[in-house]
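Student: I would like to learn how to read a structure like this one. Please take me through it step by step.

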Amino acid sequence: MRLSTSNTLHQGRFSRQSRTVPFLGIILCILFLLGMASRPKPKVYIKKLRHSRYQLIVDRKPYIVKGVCYNPIPIGQNHEYDWWSSPDKPWIVDGKLMQEMGVNTIRIYQAGENPEAVKKVIRDMYELYGIRTILGHWLGFWEYPCPFYGDKIFQDKIKKEVLEMVELYKDEPGLLLWILGNENNYSCLGMVNKWSTPEIDNEPDPQKQKAMRARIYYSYVNGLVAQIHKIDPNHPVALGNGELIGLEFAREFAPDVDLVACIIYRGRTFGSLFRSLKATFDKPVLLSEFGADAYDAYLKKEDQNMQAFFLESQWRQIYENLADNKEGEGNCLGGTTFEWTDEWWKHDENNPESWKVHDTESNWSNGSYYFDIKADGNKNMNEEWFGIVALSEELENGLNKRIPRKAYYVIKEFWKNPSLDNKSKNKVKK
Amino acid sequence: MIKSQITNYKSQTNSNTKSPKFQTDAFLLVIVISVLYIVCNLVLGICNFCYAQDSDKSAALSKQIIGAKSNAELYAPFEELKDSYFKDNKYTEFVESLRALSQQKKALEPFTDYYIALSRYQQLKYLEETQGWDEYFSQGNTYRDELTKAAQNAIDATTINEPLNPYARLILWQFHKDQQDAFAEQALTDLMNSVMEYSKVSADTKPIKEAADKLLSYGEKGKSKELYRIYAEKLAASDIKDDSLAAIASGFYKEGNLDLAESIYNIYLDRITASTPREKLLPVLTDIAREFSYKDQGPSDPVYAEKIFKKIEELAGKKVFDQELMYLRAFNLEKAKEYQKAKDAYIDFLLAFPAATHSDEAVFKVGIINTYILKDKKEGRNYFKELISKTGTLRPWGISALYQLGLLSQWEDDLTAANDYYNRLIKEAAGKYPQMLARASERLKEIEEGKPMEYGLKTFLDVSLKEEYSALDMSKIDLRTRPYQANKEQAVNISSAVYAAPTGCMEVQLQYLWSGDLGSKKPSNDQSAFATVYTDTGTQVINLVVVSPSGIIDRSLDLVDTY
């Protein structure tokens, strides 16, 4: 009986408690949710879905990057030309053409030296045409004699430049994300822009040397990413990387990067890239440089169809691997085609006379672009012919007249109606 | 009025008759026009006839298809119908006719679906090959869509017992493989499963072989081998006689389908090994080994040949090899770039047949392999010295051995010894080996003028002989020569491929440091390949070191025999 009384007493206390606890819980939940709601979401962020699928979210909406690499060097000038400050404002003409095509993003390899001019371009593109900007930094890859990623002075110099860039442009409404580096990882393999440190020089095994360089480089990039995150929580930071080379080291030494921005030239598609990336370094991927040239080095004539053929196929695979296509890997955020306009200075960059000539001599070979691989020495890649918009020597309002190539129209159509080769094609949002 | 007109006409005709040239021209014109008219009509007639014939044929085949009582009766007429359209690249017309057929008889749908998929597949390929871009861009998506849907329908509507199932899987895989898309891997797994399941329930081997052939043509060597093995096993499981099996294998060998030939030979050998006496089995094995051994012309698979050589050795020991077969085995290993094994095989050959025709060549090659590939300079020297210590006139390999000994001495800075070797070479080779004489004279000149050895040659010797370069194991350069057994003055093509680290679109300028016996040509440093001729008999040693801006990539060496 006592037991029973005691039980009753206890029950009474418990029942009061049981009424209070849920009430408090609800209050706490409401406070927590209010707190959550008051904490603003980053303007641009990457949403991780189930099964390592990723979606880029911009202003709370999913965003597919439908972009182009943008470097509008006029005929007769080279890469040192400051188009940002050009009174003819090439981006105004280009932005309109891009908007008509459906481009929503431009990728810029590195900002110009005049911050006001850069801001003007980013704002004009966004305010006039709704086009967002990806800003990149070379991370000193082209510094003479080589990028000393193992050297503290060099590291600090580049870090200062990068953080200044972030401070300057992070509040631009048109900014989409940052890309650090481009194909800098190839320098770790020692074939291009090779750099070293005394420790690496003392290591006799070339494989270990490569691993040492990769560790230094990716750790350095990771440090930069962490710093950028502190200054600018509103924009993701991408690791620019040639192919998937070295990403096994990035997994270990650069875990803070938000996405990988891959530079890929594999011809018709990207092969197993999306799956391989998942296995190597499970991060979302932006195809930040890919494309095809519009010159048949074998037949020695312009071939717009060949370029359109490759580009359409490449974009199809990008769409197949977006998050909302269940059949694909779901880790692709979109791409920025290389490139918007031709650049006539590229073949012989030290010879100003050749900047006025649309050179047809190829500099490199790539068997995946098979139509003209039988060209002399198999050199079929024409660096000055990658534009989806050709430049004419004829001037229009001070600018070389823009002549969209077939790829411009083919991709425009594709973006309007992205047709994939599988059952769920209708599910892909435009 | 009328009269005057008649008069006018007459006068006109009269005036015409006045010019005989005009008359002839007009006559000729009439003749030409008439002939053209007849020819055009004839062509048109022929076309109409052909069209009518084609049309009749199509109608007859369609009738046959509609009237077929079983699926088995459908394959042949459908194939014939397909060929009649495909030969003129009439893909869309074929698709339309297939749709008409399926409307007439719904049971035909798996077939019509399969052929629609096949047709659209061929059409897309055709448009790409002929660069029919207008249609490609405007219709490509529709065709791709039709292809995948139709192939899937055919798969869904058939069971694993029907050949149509693996065929539809095959076309779907080919499509995804061509597209290099995310579905290619799954499509390949599905295809393999389908073919394997089919092989379990059906005696029909055709779809298995066709799938294997296609896989091989797409570079899926492992998978094609798997299916060829199944095909060969099914063939062996049938009532086929041993001789017929060997003949089929030989047939595939002649076609150049070595994978399939090897699979069938393996089964054939398994079949006969237990029941055939050793003395009868050995010639069979020898013939197969010979067939697959390296040769400059015709198909060969040195690795498979060596497998058979091993079988012979296991069966009867090394003593069963005659002089020619023993040399062939060593030569085959040399061409397979299995240098350590080749060296051992040449030594076996020398022990068994010290006075053979090829003995000097074998001694020289063992010397070269020891020195430059296995980095055993001392052992290599012993072999070269063996060649120069022979009495009488030195054969070409003795002359080459003198050069090699001179080279090694020069590299070691023992210039007196080098001088002696080169001078002896010049004396012994006078009037007989002009290219070797020229090389020895160059080296002597370097010594006389106190100059360093030619840069390419010195680099090759450094990289091959110094311990610090031991990581360079000849695996990053594929150096090939065609032919390997050449007559004097015959064109010889030497080419190299370098496996270097990827550099994206940043082209790395490679330097090709050629040295050694390069014949009549002196290739420049940017040449990865060149053609040459040799005027000397003997074994020519071609050396290559490839250098990138960041250092030496690797070295390689190749041997060519000239007669």
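Student: Does N397(A) count as buried or exposed, and what is the number of its C-beta neighbours inside 10 Å?

Tutor: A residue is buried if 20 or more other C-beta atoms, placed from the backbone, lie within 10 Å of its own, exposed if 12 or fewer, and partly exposed in between. N397(A) has 10 C-beta neighbours inside 10 Å, so N397(A) counts as exposed. Its phi is positive, about 55°, although N397(A) is not a glycine. This is a predicted model, in which local features need pLDDT of at least 70 and side-chain atom pairs count only at pLDDT 80 or more, while totals for chains, interfaces and linings use all residues. Residues are numbered from 1 along each chain as its sequence is written, with chains lettered from A and ligands numbered from 1 in the order in which they are written.

Student: Where is E243(A), and is E243(A) buried or exposed?

Tutor: E243(A) is in the loop between β8 (237-242) and α8 (247-253) of chain A; such helices (H or I, at least four residues) and strands (E, at least two) are DSSP runs, numbered from the N terminus. E243(A) is buried, with 20 other C-beta atoms within 10 Å. Its phi is near 50°, a positive value in a residue other than glycine.

Student: Which residues of α4(B) are buried?

Tutor: The buried ones are Y91(B), F94(B), V95(B), S97(B), L98(B) and L101(B). Seen down the axis of α4(B), they fall within an arc of 165°, so they line one face of the helix; the arc is that of the directions from the helix axis to the C-beta atoms. The face turned away from the buried side carries the exposed residues R99(B), A100(B), Q103(B) and Q104(B).

Student: How many residues of chain A are in contact with chain B?

Tutor: Two residues are in contact if their C-beta atoms, placed from the backbone, lie within 7 Å. By that rule, 32 residues of chain A are in contact with 24 residues of chain B. On the side of chain A that touches chain B, α10(A) gives the most, with 4 residues.

Student: How do strands β1 and β2 of chain A run?

Tutor: Two strands pair if DSSP finds at least two bridges between them. Strand β1 (residues 44-49) and strand β2 (residues 53-58) of chain A run antiparallel and are joined by 6 bridges. V44(A) stands opposite V58(A) in β2(A).

Student: Which peptide bond joins Y144(A) and P145(A)?

Tutor: A cis peptide bond joins them, with omega about 0°. P145(A) lies in the loop between β6 (132-137) and α4 (152-169) of chain A.
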